[in-house]
Amino acid sequence: MEVLSMIGLIGGLALLIVLTMKGVNILIAGPISALLVAVTSGMPLFSQLAGKDEADFVTSYMSGFTGFIASWYLMFLLGAVFGKVMEDSGAADSVSKWIVDKLGMKFAVLAIVLACAVLTYGGVSLFVVAFSVYPMAISLFKQADLPRRFIPATLALGSVTFTMTSAGSPEIQNWIPIQFLGTNAYAGWEVSIIVAVFMATFGYWWLKRIIQKAVNKGERFEDRETDPTFDTKRNLPNPFLAMLPLVVVLLISYIFHDKLAQSALIIALLGGVIATYIVGRKYSKNFWEAFSAGTVGAIIAIGNTAAVVGFGGVAKNVPAFTTAVEAMTNIPGSPLIGAAIAVSVIAGMTGSSSGGQTIALPLLAPHYMDMGVNPEALHRVVAISSGALDSLPHNGYVVTTIQSICGEKHSAAYWPVAATTVVVPALGVILAIILFSFNLGI
């Protein structure tokens, strides 16, 4: 039965990837794939068919689904609203344009990466950052005559690598470990700085090299009638004023992170929304419409993430999952290696860094804490490792950015994305474990 359960677990993950690649909505693909995992493991479908204390498919899936929403809905809501009002007020465009203008055409790729990084580290939703910066990326790539299929990788490098999982980041991938480890958002900051600098510089160097190789082979920018244009005539707020809401988010999260833990993020993002209204209300097209759009975006984003957390909720209740976790947590050497591999694999299974952490940490945190692993080191390794294998082809951000925002095909655009969002963070995790093994920052 355990062999069949393992086949079903791997098959369910493969099915989830295939369905997502084919464009099936994750809210449908998630439960269908989870059903395959349940059936091959002999899990009862309904609670009425299950024995006492026996897991069933519907309860396991919905517990994971609703549990994630209950824990993180307000963060998703305020994060999405903050991003939308930053976009509506022109503050996001102002910050991005200022960075682009300062660096110029010679550093077109670096300008896009930095624009995404500043917005992401300031708390703007990853998806909103991609939507906001894309028109400028199109403009820069066109002027520099660079192949447009590398735009998704450029956006991703600045959004979901060195900023998303770094110490102090307001993105939830940095905050989920707090409730399980009793740490704060700045856990392991000394190591985090070194790893972030490495990921940023190495990722940029590699991306530039990949792009140059394509250019040398004759690839050039190709115009499309549907290409967005950056509105150069729009009146935008002063870039330094536009950065104030980002500073407010970081400052409030810093002040309250010890006392309120992950709940500090709610106050920080709310402060960012209020600051954006104050700074950008006279530049806003429709502030309340942006609120509404952000709300809808939050529901879609958390629903999609919860769908894969539900898949993980079923997966963690089958025999094969327990066997896999035991194997990963008993890897010889530093316990941080086992933690990194376990979180990476689970995040890869669910196609979600936040979903992977939510599933993995309740199982892994007590085990490693009992072993005496430093919680700050564990926090940082878990955060960074969750941002590696999560970026497989079925990841929501990857699908949205490549297909919906940039209009590219996975076959052309995904491999540069994989280089910057899978390989680079994986190397970052290895570096973090090495540094923590020398007791740096702990």
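Buried means under 20% relative accessible area, exposed over 50%, and partly exposed in between (1.4 Å probe, protein chains only). The model is predicted, so local features need pLDDT of at least 70 and side-chain atom pairs count only at pLDDT 80 or more, while totals for chains, interfaces and linings use all residues. Residues are numbered from 1 along each chain as its sequence is written, and side-chain values use heavy atoms, leaving out hydrogens and water.

**View 1**
A salt bridge (Lys or Arg side-chain nitrogen within 4 Å of an Asp or Glu carboxyl oxygen) joins E87 to K84, with 3.2 Å between the closest N and O atoms. E87 is partly exposed, since its relative accessible area is 24%. K84 is also partly exposed, at 25%. The whole structure contains seven salt bridges.

**View 1. K142 and D223 join helix α6 to a loop.**
In the salt bridge between K142 and D223, the closest N and O atoms are 3.2 Å apart. This pair links distant parts of the chain: K142 sits in helix α6 and D223 in the loop between α9 and α10, 81 residues away. K142 is partly exposed at 45% relative accessibility, whereas D223, with a relative accessible area of 52%, is exposed.

**View 2. R148, R224 and E408 form a salt-bridge network.**
Salt bridges link R148, R224 and E408 in a network. Between E408 and R224 the closest N and O atoms lie 3.2 Å apart. E408 is in the loop between α18 and α19 (410–437) and R224 in the loop between α9 and α10, so this pair ties together parts that are 184 residues apart in sequence. E408 is buried, its relative accessibility being 10%, while R224 is partly exposed at 32%.

**View 3. Helix α18 carries a set of buried residues.**
Helix α18 spans residues 396–405, and Y397, V398, V399, T401, I402 and I405 are buried in it. After α18 comes G407, with a positive phi near 65°.

**View 4. The aromatic pair W98 and F240 bridges two helices.**
The structure holds 13 aromatic pairs (Phe, Tyr or six-membered Trp rings with centres within 6.5 Å; planes under 30 degrees apart are stacked, over 60 edge-to-face, the rest tilted). One of these, W98 with F240, is edge-to-face, at 5.3 Å centre to centre and 65° between the planes. W98 lies in helix α4 (residues 91–103) and F240 in helix α10 (residues 239–242); the pair links parts of the chain 142 residues apart. W98 is partly exposed, with 29% relative accessibility.

**View 6**
The planes of Y414 and W415 meet at 70° and the ring centres are 5.3 Å apart, so the pair is edge-to-face. Y414 is buried at 5% relative accessible area, but W415 is exposed at 61%. Elsewhere, ring pairs connect F198, F202, W205 and W206 into a cluster.

**View 5. L155 is one of the most connected members of the largest nonpolar core.**
A nonpolar core joins buried Ala, Val, Leu, Ile, Met, Phe, Trp, Tyr and Cys residues through side-chain atoms within 4.5 Å. The largest has 137 residues, of which W72, L119, F141, L155 and F321 touch the most other members. Helix α3 gives this core its largest share, 14 residues. Not counting residues up to four places away in sequence, L155 is in contact (heavy atoms within 4.5 Å) with I112, C116, A130, V133, Y134, Y397, T401 and C406.

**View 6. S5 is a buried residue of helix α1.**
S5 belongs to helix α1 (residues 2–21) and is buried, with a relative accessible area of 0%. Beyond residues up to four places away in sequence, S5 touches T40, S41, V318, P319 and A320.

**View 7. Y186 sits in the loop between α8 and α9.**
The loop that holds Y186 runs between α8 (176–181) and α9 (189–216). Y186 touches A167, G168, L250, S253, Y254, H257 and R380, leaving aside residues up to four places away in sequence.

D53, in the loop between α2 and α3, has a positive phi near 65° and is exposed at 78% relative accessibility. D145, in the loop between α6 (126–144) and α7 (151–159), has a positive phi near 55° and is partly exposed at 33%.

Note on methods
Helices (H or I, at least four residues) and strands (E, at least two) are DSSP runs, numbered from the N terminus.
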